[in-house]
Amino acid sequence: AIESGKLDDVVEVDDSILKAYGSGIYIEVGEHITLRDLLYGLMLRSGNDAANAIAVYVGGNIDNFVKMMNDKAKEIGMKNTTFNNPSGLDQEKGNYSSAYDMALLMKYAYQLKEFREIVSTKKYELKTNMNYYLWNNKNKLLYMYKYANGGKTGFTEKARRTLVTTASKNNTNLVAVTLNDGNDFLDHKALFEEAFGEYNSYQILNKDKV
């Protein structure tokens, strides 16, 4: 969605959102909301209705957007991933991935400035033609660990609690991924602390003076 170059486009929400279930931001058919705001609702509040609205606007329809998702996964080297819907929820065909592939995806997305801004936001508010919203980020690590700067929570019946987070300290940027982990936020903090204690980043070459 970010790479579409349409972040500031105003989206008129259609009835594709009525097929969404699970967590949502409760947008309404006929509502006018920017693609950027939909992404905030998607990433901060796990809005599955926002996922459908984004998919339809960017891909033309949900099926085409899912194909775009799978093409992007192949492009960035995700070898054990198959998407079947935009939200990641369990369904008959399912969405399949691995912790390693989720780390690859986060590494790729984190290179996008707009993505970094969205996932590091703790609170976001907006007003549309129909509603007022105030969203707090579900990623508790942003509040409990000073080096945390992004991520995405998840839950499905089959995968249980899933979490992908990022943290940066002294020019070292890390990604942590856990699947089916009931203690994920504390585990991520421990993983980051261990890695920051063992690894340092060094400048090998100056990119401007090679």
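Me: Hello! What makes N170 count as exposed?
Reply: Welcome! This is a predicted model, and in it N170 has a relative accessible area of 64%. Exposed means over 50%, so N170 is exposed. Its place is in the loop between β6 (160–169) and β7 (172–179). N170 also has a positive phi of about 50°, although it is not a glycine.

Me: Why is Y26 called exposed?
Reply: The reasoning runs along the cut-off of over 50%: Y26 has a relative accessible area of 63%, so Y26 is exposed. You will find Y26 in the loop between β1 (10–12) and β2 (32–34). Y26 is not a glycine, yet its phi is positive, at about 65°.

Me: And N48, why is that residue called buried?
Reply: Buried means under 20%, and N48 has 8% relative accessibility, so N48 counts as buried. N48 lies in helix α2 (residues 48–59). Leaving out residues up to four places away in sequence, N48 touches several others, among them Y21, S87 and L89.

Me: What puts the buried residues of α7 on the same side?
Reply: The buried residues are D184, F185, H188, F192, A195 and F196. They cover an arc of only 100° around the axis, so they sit on the same side of α7. They pack against α6 (141–144), β5 (148–156), β6 and β7. The face turned away from that buried side carries the exposed residues G197 and E198.

Technical notes: Residues numbered from 1 in each chain as written. Predicted model: local features only at pLDDT ≥ 70, side-chain atom pairs only at ≥ 80, totals over all residues. Heavy atoms only, no water. Helix = DSSP H or I, 4+ residues; strand = E, 2+ residues; numbered from the N terminus. Buried < 20%, exposed > 50% of the residue type's maximum accessible area, 1.4 Å probe, protein only. Contact = heavy atoms within 4.5 Å. Arc of directions from axis to C-beta.
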